[in-house]
Amino acid sequence: HLASRDPEMFWTSGQWMTETSGGSDVGRAITEAVRDDDGSWRLYGRKWFTSAATSQMALTLARPQGNGPGGGFVHSLTTLPDGTLIAAVGNEAYIDNQVYRSTDDGETWVELILPADEILTVAAGPTGVLFAARERGGLHRSYDAGQTWETLDFPGDLIRVFTFDDHGRVFVGALDGVYRSKDEGDTWEQVGLGGLRVHTMTTAGSEKIVAGTNEHVYWSLDG
């Protein structure tokens with residue numbers, strides 16, 4: 001029907017694609033397709049634009065049940081001690097970023113529900129604590145692989161990177177320096193590079209901290 005030139009035979013087709021979460025980025029569609037026992041599919045979700053609504057058929061898009069991140073950018077990846085993967089996925093504007101969890105090495109993914117969107121960075125510590133930092137400010141913590149979250153008070157600017165040392169301390173690089181927590185995020189203190197934009201950071205051994213800013217690399221030998 002679609003390829004026919006006969007006016008009595010040809011059909012027009014609408015398209016039900018666009019969603020608020022992804023716009024024209026169809027890879028970020030969150031409408032879910034669930035397969036019934038008889039082989040047919042049921043769709044669960046919301047489309048907010050359709051073309052040719054009065055056509056004889058329509059082409060739509062949905063993500064099969066159990067499929068995880070698609071489209072957009074994977075802004076951050078981290079691994080919990082038991083091997084669980086956590087991914088923060090979004091677009092260039094960090095709008096409607098989503099966080100996913102996989103317990104089978106990335107074969108399937110489940111979306112996690114956080115107190116806020118725009119999650120840019122996720123990081124898991126050696127004890128299993130999981131942090132999620134927002135692009136526009138805000139810090140969240142989970143102790144159950146992202147099933148539940150609590151919002152933390154963070155005194156600094158926007159967080160860009162996390163790292164952990166052998167003493168159980170958490171270090172973050174923010175847009176106004178380096179901060180340290182000795183109690184997995186309950187309290188924080190600024191420990192260096194005040195006023196500098198820290199974008200990358202790592203630990204080396206038990207005391208050495210290395211941080212990269214817009215212009216230089218710095219290190220501390222006393223944590």
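This is a predicted model: local features need pLDDT of at least 70, side-chain atom pairs count only at pLDDT 80 or more; totals for chains, interfaces and linings use all residues.
Modeller: Let's start with a rule: a charge sits over a ring if NZ of Lys or CZ of Arg is within 6 Å of the ring centre and within 35 degrees of the ring normal. Residues are numbered from 1 along each chain as its sequence is written, and side-chain values use heavy atoms, with hydrogens and water left out.

Biologist: Fine. Which residue lies over the face of Trp219?

Modeller: Lys208, at 5.9 Å from the ring centre.

Biologist: What makes the rings of Phe131 and Phe162 a stacked pair?

Modeller: Rings of Phe, Tyr and Trp (its six-membered ring) pair if their centres lie within 6.5 Å; planes under 30 degrees apart count as stacked, over 60 as edge-to-face and the rest as tilted. Here the centres are 5.5 Å apart and the planes stand at 15°, so the pair is stacked. Phe131 also stacks with Phe164, at 6.3 Å centre to centre and 25° between the planes. Phe131, Phe162 and Phe164 form one aromatic cluster.

Biologist: Which parts of the chain does the Phe131 and Phe162 pair tie together?

Modeller: Strand S11 (residues 130-134) holds Phe131 and strand S14 (residues 159-164) holds Phe162, so the pair bridges parts 31 residues apart in sequence. Strands here are DSSP runs of E, at least two residues, numbered from the N terminus.

Biologist: How do you know whether Phe131 and Phe164 are buried or exposed?

Modeller: Buried means under 20% relative accessible area, exposed over 50%, partly exposed in between (1.4 Å probe, protein chains only). Phe131 has 0% and Phe164 has 17%, so both count as buried.

Biologist: Why are S18 and S20 called edge strands?

Modeller: They belong to an open sheet of three strands, ordered S18-S19-S20 with antiparallel pairing. Strand S18 (198-204) and strand S20 (217-220) each have a single partner strand, so one side of each lacks a neighbour in the sheet.

Biologist: And how many bridges join S18 and S19?

Modeller: Six, in the antiparallel sense. Two strands pair if DSSP finds at least two bridges between them, so S18 and S19 qualify. One example is Thr203, whose bridge partner in S19 is Ile209.

Biologist: What is the radius of gyration of the protein chain?

Modeller: It's 22 Å, whereas a compact globule of 223 residues would have one near 17 Å. That rule is 2.2 Å times the number of residues to the power 0.38, with the radius taken over C-alpha atoms.

Terms used
Helices (H or I, at least four residues) and strands (E, at least two) are DSSP runs, numbered from the N terminus.
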